[in-house]
Amino acid sequence: MTSRQRSAESNSLSPRRRTVVKAAAATAVLAAPLAAALPARAAGEAPAFLHGVASGDPLPDGILLWTRVTPTTEAVPGSGLGPDTEVGWVVARDKAFTTVVAKGSVTATAASDHTVKADIRGLTPATDYWFRFSAGGTDSPAARTRTAPASDAAVANLRFGVVSCANWEAGYFSSYRHLAARGDLDAWLHLGDYIYEYGTGAYGTRDTVVRQHAPAHEILTLADYRTRHGKYKTDPDLQALHAVAPVVAIWDDHEFANDAWSGGAENHTEGAEGAWSARQAAAKQAYFEWMPVRTAIAGTTYRRLRFGKLADLSLLDLRSFRSQQVAVGNGSVDDPNRTITGRAQLDWLKSGLKSSDTTWRLVGNSVMISPFAIGSLSADLLKPLAELLGLPKEGLALNTDQWDGYTDDRRELLAHLRSNAIRNTVFLTGDIHMAWANDVPVNAGTYPLSASAATEFVVTSVTSDNLDDILKVPEGTVTALAAPVIQVANRHVHWVDTDRHGYGVLDITAERAQMDYYVLSDKTKANATSSWARSYRTRTGTQKVERTYTPV
């Protein structure tokens, strides 16, 4: 362990599958399922902190703190019940809270589902802090957080955990536990699908629900989304990770509904499931209540954080403004009037990348930007791959939910990087339930003769089904067969693992950005072990990925 590393002590079946029967009571407030999952409390007991504490969006002088208080037994998430409750917060330099640097209070109300946030300023850059909340004489668990380096600081090293796609019913969140145990993270990135919207058993679990979520029906209303977020926040591994490092999160589709776009979603039936505008608003409200996320622009997750002179991180919202996905093969994927980012966000991204004076420009990107062709896959592999990715089973080579379905936006962004000689842009991506290490070519058809404008590290899912789960075959079977074929058709892909679950650790120095990929022994086991799988890096100025044979 280097001197900069700190211990925590010192510091599916198918995404297209729909619920067969949507609960008629979906619009009712159903608190019982979550109440049953929470620890029993005696009548008249003091307020409790049953959902842990968290921090997020670190700034050089500040951090956003979060918790949820349960003031009375019946005041479970989504219930709309419970009195206004004063919640105090305190920030200290030490775990014993002998050196307090800030304190205050905020009122938790049913209107915000008894969640509270405190946006603390006046802190010291690049510093570990401890914080906790209190209500009615009860203290929350203590947690560690860390501020970002000063904007003009010469930073030797940054380290981030990287995760995406956590389906509660498909397994346990061991990835979070192993990241929490490291004790060396400046922050961790969640690249989307923090929750899933489906009803029980309706999304890939190898036909086995490992643990049932709440509510049991597909979530549609504000109460539903609050209840589902609340269920997730009872997970001990998720609570542990939130308690040791700040999170930087963006949403993808399942925080709303599968394959969401600005005006609807594949997994939404207008009318029968209410209006999309109401469902989207409910999902967003619950997300901002339950996540330690600071909104730069109201109602979106696109924003930018800076970590000294070493890196800045542009975080995207690729659901709120995008055009509807189209079928492959009719040429409309190239329509310049269609967008995945929206005009304002794309201009904001381009401007930020051009004006950046940091060594590295990181982009938190919920869906893969690298082009992906699968036309040469054999039929037995093509069908499950198409099912997982939402591709046409005839084998046409595009996934229109990714940047492949919005090629004009991608072409404009990559041309901007090339024409302005913008170096060291690294896309950090989730969504696809596989691990990838890619160059991002300006022209995939002529690559590697044409240039690479950036690189991309894609992390696999925490638990959500990938190809071996869909086929119900031993782990590694599909990767051994499919990966070589995928790489022949996509010469910019240096590595793809279609089968395993886990997380990434991104380590950045002035010389290179390296992603270490870790995998779990068994996502269905609460005590799953973790092991290093592979590492890839981008050396400064190269815009290309290369394998390295040891983790940082």
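A nonpolar core is taken here as a set of buried Ala, Val, Leu, Ile, Met, Phe, Trp, Tyr and Cys residues joined through side-chain atoms within 4.5 Å, where buried stands for under 20% relative accessible area with a 1.4 Å probe, protein chains only. The model is predicted, so to speak of local features takes pLDDT of at least 70 and side-chain atom pairs count only at pLDDT 80 or more, while totals for chains, interfaces and linings use all residues. Residues are numbered from 1 along each chain as its sequence is written, and side-chain values use heavy atoms, with hydrogens and water left out.

The largest nonpolar core holds 42 residues, and Phe-173, Tyr-176, Trp-188 and Leu-241 have the most contacts inside it. Among the elements giving this core at least two residues each are α2 (174-182), α3 (222-232) and β21 (502-508); helices (H or I, at least four residues) and strands (E, at least two) are DSSP runs numbered from the N terminus. Its largest share, six residues, comes from α5. Another core lies apart from it, with 33 residues, including Val-248 and Phe-307.

Then there are the cavities, sets of points on a 1 Å grid over the protein atoms alone where a 1.4 Å probe fits but cannot get out, with lining residues having an atom within 4 Å of a point. The largest has a volume of about 60 Å³, and its lining includes Trp-495, Asp-497, Arg-500 and Tyr-517. β22 brings the largest share of that lining, three residues. The second largest cavity comes to about 30 Å³, with Asn-167, Glu-169 and His-213 among its lining residues.

Notes
Buried means under 20% relative accessible area, exposed over 50%, partly exposed in between (1.4 Å probe, protein chains only). On a 1 Å grid over the protein atoms alone, a cavity is a set of points where a 1.4 Å probe fits but cannot get out, and a pocket is an open set with protein on both sides within 12 Å along at least five of seven lines; lining residues have an atom within 4 Å of a point. Grid points are joined across faces, edges and corners, and a volume is the space filled by probe spheres set on the points.
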